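Please keep the sequence and the model in view while reading.

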Amino acid sequence: MQFTVETTPAYAEVNGSGRLNMVAAPLLREVVAAVVAKGSHHVVVNMEGTDFMDSSGLGALIGCLKIARQAGGDLRIANVQPQVKMVLELTSMHRVLTPYESVDAAFSND
Amino acid sequence: MRPFPMTEVLARSSRQGLATAATVDALHEDFEALWLEAGFVPEMDRMAFSTAVIEAATNVVQHAVPASETPLQLGVDITIRSRRLEARISEIGAAPSSPGISNPSEIDDDAESGRGLNLIHALVSTVTFERHGEDNVWVLCRHSSDV
């Protein structure tokens, strides 16, 4: 899985393209931890290119959410694809990681 | 034309390799080829079934313990019938074990692991875990909805 980061004044956007699985999960944690350590406490994970996520990937997202919240910020997800949406709903984690329709929408009401 | 009997295998796929992430990755390609052959399977069934199989295979890579010094092998055999998708996921050369599932209400929202087995159960109709000789075998079955 490939990650890219783009920082705006309001948030950092982390783009993940490929499969968010046991291999990619620790990498996502590292990327988000580095982003938060640099001072971007509001993070949007753009999942437009994430076509598959397993429970390790979901665990990594939850870990990243905790990292952002511990720094006083938050982490949100956007552009979720059908397989990822299914995993979020079947594990009831869509309550905690609510998918936003776009990266812009993720922090637009804050 | 005679309709397909419900028990006839219409597509199948088989893979065995070291229990590693690379073998699990190859399963994604196996499924792509399988769905080309079995185009009649509805999208929701494909997505749920393949996610369950890959989740179980990942569980083998992460948690199965070899019974000896011989490296653990992962075997995945998939058969597609008109209304029944079945996978046998084998932990070849694994020590006996019995993965338990947690009550979903007991998993904290901020827990970072422990959801895999519950997810598998939510994705397929039946899950069995059996000991066959030197192997542990998961059998996942999803009854396809509207073929």
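A salt bridge is counted here when a side-chain nitrogen of Lys or Arg lies within 4 Å of a carboxyl oxygen of Asp or Glu. By that rule, the count over all chains comes to 11 salt bridges. The model is a predicted one: local features need pLDDT of at least 70, side-chain atom pairs count only at pLDDT 80 or more, and totals for chains, interfaces and linings use all residues. Residues are numbered from 1 along each chain as its sequence is written, chains are lettered from A and ligands numbered from 1 in the order in which they are written, and side-chain values use heavy atoms, with hydrogens and water left out.

One of the salt bridges is formed by the side chains of Glu112(B) and Lys66(A), at 2.8 Å from N to O. Glu112(B) lies in the loop between strand 3 (84–92) and helix 3 of chain B, and Lys66(A) lies in helix 2 (residues 55–70) of chain A, so this pair joins two chains. Helices (H or I, at least four residues) and strands (E, at least two) are DSSP runs numbered from the N terminus.

How many salt bridges cross the interface of chain B and chain A? The rule finds 5 there. Another pairing is that of Glu29(B) with Arg19(A), whose closest N and O atoms are 3.1 Å apart.

Now consider the interface as a whole. Chain B and chain A each bring 23 residues to the contact, where contact means heavy atoms within 4.5 Å. The area buried between the two chains is about 1,900 Å², and carbon and sulfur atoms give 63% of it. Buried area is the accessible area (1.4 Å probe) that two parts lose on being put together, summed over both. Of the area that chain B buries against chain A, 31% is supplied by Asp109(B), Glu112(B) and Arg115(B), more than by any other three residues.

Helix 3 (residues 82–90) of chain A packs against helix 2 of chain B at an angle of about 65 degrees, with the axes 11 Å apart. Axes are lines fitted to C-alpha atoms, for helices over the stretch in contact, and angles run from 0 to 180 degrees between N-to-C directions. On the chain A side the contact is made by Pro82(A), Gln83(A), Met86(A) and Val87(A), and on the chain B side by Met44(B), Met47(B), Ala48(B) and Thr51(B).

Two loop residues of chain A remain. Asn79(A), in the loop between strand 5 (74–78) and helix 3, has a positive phi near 55 degrees although it is not glycine. Ser92(A), in the loop between helix 3 and strand 6 (99–100), is another non-glycine residue with positive phi, near 60 degrees.
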